[in-house]
Every structure is written in C-alpha cells, then in structure tokens.
Amino acid sequence: MNDVAINDNTLPPKKYAVIIGHSVATPDEFLLKVFNHVFSIPETLGATLIEKCKSDSEVGLGIYNYEIAEQKIIEATKVARINSMPLEFTLKAL
C-alpha cells in the first residue's frame, strides 16, 4: 500500500467586520432597533455602541464570514433607506 501525503494548503475563510459610520441625524432608538433586529445586539450593548459611535467615526457591529457580513449590510442598509435614515455600513477584512 502506498502512503500518499496530502498537502492541504487551504486556509480558513477570512473574517470581516461590519462597520457602521454613524450619523448624528439618526435617533438612538432607531439605531437600537437596527442593532437588535439585524445584528442581534442586545439593548444594553447597543446603548454602549451608540455612545462609542458618538466619539468614534466608525464602530464594529460584528465579525462574520464574507457572505453573512454582506447580507447584514444589505439588510441594515435597506431598513435605513426605508426609514430615510442616513446610515452607512462597510466591510473591513480582518
């Protein structure tokens, strides 16, 4: 029987952070709803993230595989546009 060496050079998939660019024109209550509904962030953590948004220009909302991160951005942007809120979401490779 021949021993065959398998050289597995596959890397785990990259992870991506979903980043929100906060706008002061967006009410905190709306942000809490988006955080909870789209990103499953509890209200207590959401309030902390909102405070961080006020001091930082960008805040991470979660780390996902590419496809999931992209879907979260699409969903959150859709909710923001339907409600005429000026929110922007981006992906950042980690």
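**A loop residue, then the sheet and helices**

Start at Thr 26, which touches Leu 31, Met 85, Pro 86 and Leu 87 when residues up to four places away in sequence are not counted; contact here means heavy atoms within 4.5 Å. Before going further, the ground rules. This is a predicted model, in which local features need pLDDT of at least 70 and side-chain atom pairs count only at pLDDT 80 or more, while totals for chains, interfaces and linings use all residues. Residues are numbered from 1 along each chain as its sequence is written, and side-chain values use heavy atoms, with hydrogens and water left out.

Back to Thr 26. It sits in the loop between S1 and H1. Helices (H or I, at least four residues) and strands (E, at least two) are DSSP runs, numbered from the N terminus. Is Thr 26 buried or exposed? Thr 26 has a relative accessible area of 3%, so it counts as buried. The cut-offs are under 20% relative accessible area for buried, over 50% for exposed and partly exposed in between, with a 1.4 Å probe and protein chains only.

Now the sheet. Three strands make an open, antiparallel sheet, in the order S2-S1-S3. Strands count as paired if DSSP finds at least two bridges between them. Strands of a sheet pair through backbone hydrogen bonds, either parallel or antiparallel. From one strand to the next the twist averages 30°; axes are lines fitted to C-alpha atoms, for helices over the stretch in contact, and angles run from 0 to 180 degrees between N-to-C directions.

Strand S1 covers residues 15-21 and is joined to S3 by six bridges, the two running antiparallel. On that side, Ile 19 has Thr 90 of S3 as its bridge partner, and Ile 20 stands opposite Phe 89 in S3. Helix H2 (residues 43-55) packs on the sheet and touches S1 and S2, its direction making about 125° with that of S2. S1 and S2 pair over seven bridges, again in the antiparallel sense, and Tyr 16 has Tyr 64 in S2 as its bridge partner. S1 is mostly covered, with five of its seven residues buried.

Next, aromatics. How many aromatic pairs does a search of the whole structure find? The search gives two. Rings of Phe, Tyr and Trp (its six-membered ring) pair if their centres lie within 6.5 Å; planes under 30 degrees apart are stacked, over 60 edge-to-face, and the rest tilted.

Tyr 16 and Tyr 66 are edge-to-face, 5.2 Å centre to centre with 70° between the planes. Tyr 16 is in strand S1 and Tyr 66 in helix H3, 50 residues apart, and the pair links distant parts of the chain. Tyr 16 counts as buried at 17% relative accessibility, and Tyr 66 as partly exposed at 35%.

The other pair is Phe 39 with Phe 89, which is tilted, at 6.2 Å centre to centre and 35° between the planes. This pair links helix H1, where Phe 39 lies, to strand S3, where Phe 89 lies, again 50 residues apart. Phe 39 is buried at 5%, and Phe 89 is buried at 9%.

Helix H1 (residues 28-39) and helix H3 (residues 66-82) pack at about 145°, their axes 10 Å apart. H1 contributes Phe 30, Val 34, His 37, Val 38 and Phe 39 to the contact, and H3 contributes Lys 72, Glu 75, Ala 76, Val 79 and Ala 80. These residues divide into seven nonpolar, one polar and two charged. Ala, Val, Leu, Ile, Met, Phe, Trp, Tyr, Cys and Pro count as nonpolar, Asp, Glu, Lys and Arg as charged, and the others, Gly among them, as polar.

Finally, two serines in loops. Most residues other than glycine have a negative phi, and most peptide bonds are trans. Ser 40, in the loop between H1 and H2, has a positive phi near 55° and is exposed at 59%. Ser 84, in the loop between H3 and S3, also has a positive phi near 55° and is exposed at 64%.
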